[in-house]
Each structure stands twice: as C-alpha cells, then as structure tokens.
Amino acid sequence: MKRRKNDAGNRRGVQLVTLCISTAMVLVLLGLVVFSVQISRNLSQWVKENLTVTVMLSDDVSVNGAKLLCRDLYHRPYSKNIDYISKEQALKEQSEAMGSDPSEFLGVNPFPATLELQLHSDYANRDSLKWIAKELQKNPKVTDVAYQVDLMDSVNQNLTKVNLVLLALAVLLTFVSFSLINNTVRLSVYSRRFIIHTMKLVGASWSFIRAPFMKQALLVGVIAALIAIAVLGGCMYGFYYYEPNMLTIITWRELVITAVAVLLFGIIITAACSYISVNKFLRMSAGELYKI
C-alpha cells in the first residue's frame, strides 16, 4: 500500500514537473511576442527620430545668427535635436568624403552652413514635414530645406507592416498557447477524474472539489512564469553582452512589462484551463468517465 502511494506521488510529481516545463515553454513564446511588439514601437520611434531634416542657411548668416535660430527652433514642439554645421566644417567633411578639396579648383567654399534638425517621432511623417518645411522657409536666414520623403514613407510603411504581423502573431500564439496549456492541464486532471467523481458522490460541492485543482494551477502558472522570465532574462543578457547598443532601444520599462505580462498569462491561462477541465469532469456521470 505504501509503495502504491509512493508510486502515485511520484507520478503526480512527474506530471507537475512536465506541466510546469511545457507551460513555461509556451510562456517563453508569448513573452517573446510581447517583447517584440514593444521593441518594434521603440525601434519605430528611434528610426523616425534619427531621420534628419537639413536646413540650409544663407551665406550672410553669422555664427551668432545661426545660434539664435537654433535657440528659436529648440522651442518648437517638433524639434528634438539640432546640430549646427558651419561652412568650414561642411567643407572639411565633404573633402574627406570626396578625397579632394573642391574649394581648391572652385576658388570658394561651395557648401553652405546648415542646421541638422531631428524631429520627434510624432512629426516624422509626410504631412507634418510639409508644413514644417514651409514654416522654416519663411525665415529669411533659410535658403532651402531638404529631407528624404521617400525614405520617411518607406520607414513608416515598413514599420506599419511589421506591427500588423506582430499583432497577428500575438493573437495566433495566444490561441495556440491556450490550446496547448489546456490539453496539458486536462491530462493532469484526467488522471484524477475518479477522485473528482467520488468526492461528488459523498456530497462535496463543486467549488470545494475545484479548490485544490485551482490552487495547483495557480502554483504551476507562477512557477512556469518564473522559469519563462528567467529564460527571457538570460536571452536579453546575451543580447546586451554581444550588442550593448541595444540599450538605446531596450529599456527597463520593456523588460518589466514583459515579465508582468508573462506572469499574468501564466496565472490566467492555467487557472482558466483548470477551471474548464474540472467542470467538464464534474458534469460527467460514472458511465461517461469509463468511456473516455
């Protein structure tokens, strides 16, 4: 008798370990999707804010005049960062890029002083850029405004497509995850279906019968979520170790949101699956239990 109890306890322990591991694997996938959705948003913002609008200044604008213009632009809601490129600096950079100095055979410096304007991500679109360019060109110190419209549109379109794909993947993975975890939990409850029936025969209420299964499901959900968070944390550390610049896109906010989402997914899904599975066997008669 004691040996049978030990065997039953061992089998139940193996079932719990298997349930925790399989649930954790599913939660890792869900966590990666949640993390990817957040990173795509940050990446979109980072790309947009690194697109440059070049403001070309007239030759009669002094350094002080350019600095006053910079100070004025800093107060505009669309400005994130402004760099002043003098005529001499522009000539030096272009000479290094071309391998020769154009002023030697032209006799003058052909490059104007410019302001390199980076916008907030909300303004990095075609419509906003049109009225920003018109506003800048009204200033007598500005001769021209240049920006890459096609690149801006291409970035926005591609990022929109990526977000839609990630959203569809998140919905699909949530459905698949629920199905996989539900099957695993149902197998665990299935092995104790006759215990459920016996408790029902002696007059135990459904809520009383469900209670230990729900507690076990919550425990499995928490343990699986912690395992998944540890795996995801290890992956993030690996990314940081090989690519430290990823910190410009990945912040603690994304890591915390991903960890909380994985924990909530683990608790909610396992609890819901356990509730559904136990109720299914509670509704069955003794004859039906033998047939399944």
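**Close-up views of a predicted model**

**Figure 1. Helix 8 and helix 9 are roughly antiparallel to each other.** In this predicted model, the axes of helix 8 and helix 9, the latter made of residues 252-282, come within 8 Å and cross at roughly 150°. An angle over 145 degrees counts as roughly antiparallel, and the description in the title therefore applies to this pair. The crossing of the two helices is right-handed, and the residues that make the contact of helix 8 with helix 9 comprise 21 nonpolar, six polar and one charged.

**Figure 2. S274 is a buried residue of helix 9.** The serine at position 274 belongs to helix 9, and its relative accessibility is 2%. Because buried means under 20% relative accessible area, S274 counts as buried. When neighbours within four places in sequence are left aside, the residues in contact with S274 are V185, F213, M214 and A217. One of these, F213, is a residue of helix 8 that also takes part in the contact with helix 7, which is the subject of the next view.

**Figure 3. Helix 7 passes helix 8 in a right-handed crossing.** Helix 7 spans residues 193-201 and helix 8 spans residues 206-242, and their axes come within 9 Å while crossing at roughly 150°. These two helices are therefore roughly antiparallel to each other. From helix 7, the contact is made by I196, M199 and K200, and from helix 8 by W206, F208, I209 and F213. Sorted by class, this contact has six nonpolar residues, no polar residues and one charged residue.

**Figure 4. Four strands form an open antiparallel sheet in the order 2-3-1-4.** Neighbouring strands are turned against each other by 20° on average, with direction ignored. Helix 2, which covers residues 63-74, lies across strand 1, strand 2, strand 3 (114-119) and strand 4, and runs at about 170° to strand 2.

**Figure 5. Strand 1 pairs with strand 4 and with strand 3.** Strand 1 (residues 52-57) pairs with strand 4 in the antiparallel sense over four bridges, whereas five bridges join strand 1 to strand 3, again with the strands running antiparallel. M56, in turn, stands opposite D144 in strand 4.

**Figure 6. S121 is a buried residue in the loop between strand 3 and helix 5.** The loop that holds S121 leads from strand 3 to helix 5 (126-137). With a relative accessibility of 15%, S121 counts as buried, because the cut-off for that class is under 20%. Not counting residues up to four places away in sequence, S121 touches Q45, K48 and E49. The C-alpha atom of S121 is separated by 9.3 Å from that of L51, although the two residues are 70 residues apart along the chain.

Definitions and conventions:
Residues numbered from 1 in each chain as written. Predicted model: local features only at pLDDT ≥ 70, side-chain atom pairs only at ≥ 80, totals over all residues. Heavy atoms only, no water. Axes fitted to C-alpha atoms, helices over the stretch in contact; angles between N-to-C directions. Parallel < 35°, antiparallel > 145°, perpendicular 65-115°, else oblique. Left-handed = near helix turned anticlockwise from the far one by under 90°. Contact = heavy atoms within 4.5 Å. Nonpolar A, V, L, I, M, F, W, Y, C, P; charged D, E, K, R; others polar. Buried < 20%, exposed > 50% of the residue type's maximum accessible area, 1.4 Å probe, protein only. Pairing = 2+ DSSP bridges.
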